[in-house]
Amino acid sequence: MEEVAEDHIRLAEMAIDARYTFCGGLCLPLSMEITAAYWDDEFDLPLPSPRPRREHGMLRRGRLPEGLCANSRYRNELPALAEEFDAVTAVSFIKDFLSPDDSDEDRGEPTVGWDYLAFNATAARLPDDDGRHERSSIRVEVAGHHLNHSIERRAGSDWVCGPIGASILHAPFEFEIQRDQGEMVFDMAIY
């Protein structure tokens with residue numbers, strides 16, 4: 001990605017496209033967190049200081065499934081809410097988040113770029129032929145205990161979401177995309 005390293009929005013589009021292409025209809029993001037930094041475009045590295053006015057941000061779906069915990073990892077960070085969470089909405093949020101305000105331009109600050117994207121609240125589609133279409137929950141084993149995990153019916157399919165409070169600490173799928181000197185690293189965890 002070295003040929004587009006200075007185009008932070010294009011890199012965000014590539015990262016979001018990779019995330020949606022990889023997941024297809026298997027899972028949907030319900031939240032996304034972004035970490036930004038002033039950027040050294042020549043070496044494609046974040047600068048350790050100064051810090052931008054907005055260093056952390058969060059986008060999440062406005063209406064969440066019952067019990068879903070989609071809170072920012074950073075204190076006092078209020079999420080931007082979206083009616084639907086899709087690739088276009090995610091890229092638009094990133095564009096707005098990285099846009100300099102007038103005070104940044106007046107001070108001659110370096111470019112603000114994104115360093116890290118995390119998708120830690122997701123919905124996973126259950127198999128269509130699993131025989132659970134009449135049920136409102138599935139039984140999940142967590143730390144030796146059985147919990148009833150609610151099912152959300154959406155667009156003709158059944159979905160489970162996470163994280164759900166203290167009982168289910170992780171989303172079904174969690175994704176992180178990090179920039180690392182000319183590369184993007186895509187990490188995924190399946191729970």
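Author: A salt bridge is a side-chain nitrogen of Lys or Arg within 4 Å of a carboxyl oxygen of Asp or Glu. Please keep in mind that the structure above is a predicted model.

Reader: How many salt bridges does this rule give?

Author: The count comes to seven salt bridges. One of them joins the side chains of R10 and E13, with an N to O distance of 3.6 Å. Another joins the side chains of R51 and E55, at 2.7 Å from N to O.

Reader: Where do R10 and E13 stand relative to each other in helix α1?

Author: R10 and E13 are three residues apart in helix α1, so about one helical turn separates them. R10 is partly exposed, with a relative accessible area of 37%, and E13 is also partly exposed, at 28%. R51, by contrast, is exposed, with a relative accessible area of 58%.

Reader: Which residue forms a salt bridge with E152?

Author: The partner of E152 is R61, and the closest N and O atoms are 3.7 Å apart. R61 belongs to strand β4 (residues 56-61) and E152 to strand β10, so this pair ties together parts that are 91 residues apart in sequence.

Reader: Are R61 and E152 buried or exposed?

Author: Both residues are buried. The cut-off for buried is under 20% relative accessible area, and E152 counts as buried because its value is 18%. Leaving aside residues up to four places away in sequence, E152 touches R61, P65, S157, D158, W159 and C161.

Reader: How should I read a nonpolar core?

Author: In soluble globular proteins, nonpolar side chains tend to be buried together. In this model, the largest nonpolar core has 32 residues, and I16, M32, I94, W114 and L117 have the most contacts inside it. The elements that give two or more residues to this core are α1 (8-23), β2 (31-40), α2 (87-98), β6 (112-119) and β12 (173-180).

Reader: Which residues does I16 touch?

Author: Not counting residues up to four places away in sequence, I16 touches M32, A87, A90, V91, I94, L117 and F119. There is also a second, separate core of eight residues, including M58, A70, A121 and W159.

Reader: How should I read the cysteines, and how many disulfides are found?

Author: A disulfide is a covalent bond between the sulfur atoms of two cysteines. A search of the whole structure finds zero disulfides. For C27, the nearest cysteine sulfur is that of C23, 3.5 Å away. The sulfur atoms of a disulfide must lie within 2.5 Å, which is why C27 is in no disulfide.

Reader: Is C27 buried or exposed?

Author: C27 is buried, with a relative accessible area of 1%. C69 counts as partly exposed, at 31% relative accessibility.

Reader: Where does E83 lie?

Author: E83 lies in the loop between β5 (80-82) and α2. The cut-off for exposed is over 50% relative accessible area; E83 is therefore exposed, with a value of 68%. Although E83 and R63 are 20 residues apart along the chain, their C-alpha atoms are separated by 7.1 Å.

Key. Residues numbered from 1 in each chain as written. Predicted model: local features only at pLDDT ≥ 70, side-chain atom pairs only at ≥ 80, totals over all residues. Heavy atoms only, no water. Core = buried A, V, L, I, M, F, W, Y, C linked by side-chain atoms within 4.5 Å. Buried < 20%, exposed > 50% of the residue type's maximum accessible area, 1.4 Å probe, protein only. Helix = DSSP H or I, 4+ residues; strand = E, 2+ residues; numbered from the N terminus. Contact = heavy atoms within 4.5 Å.
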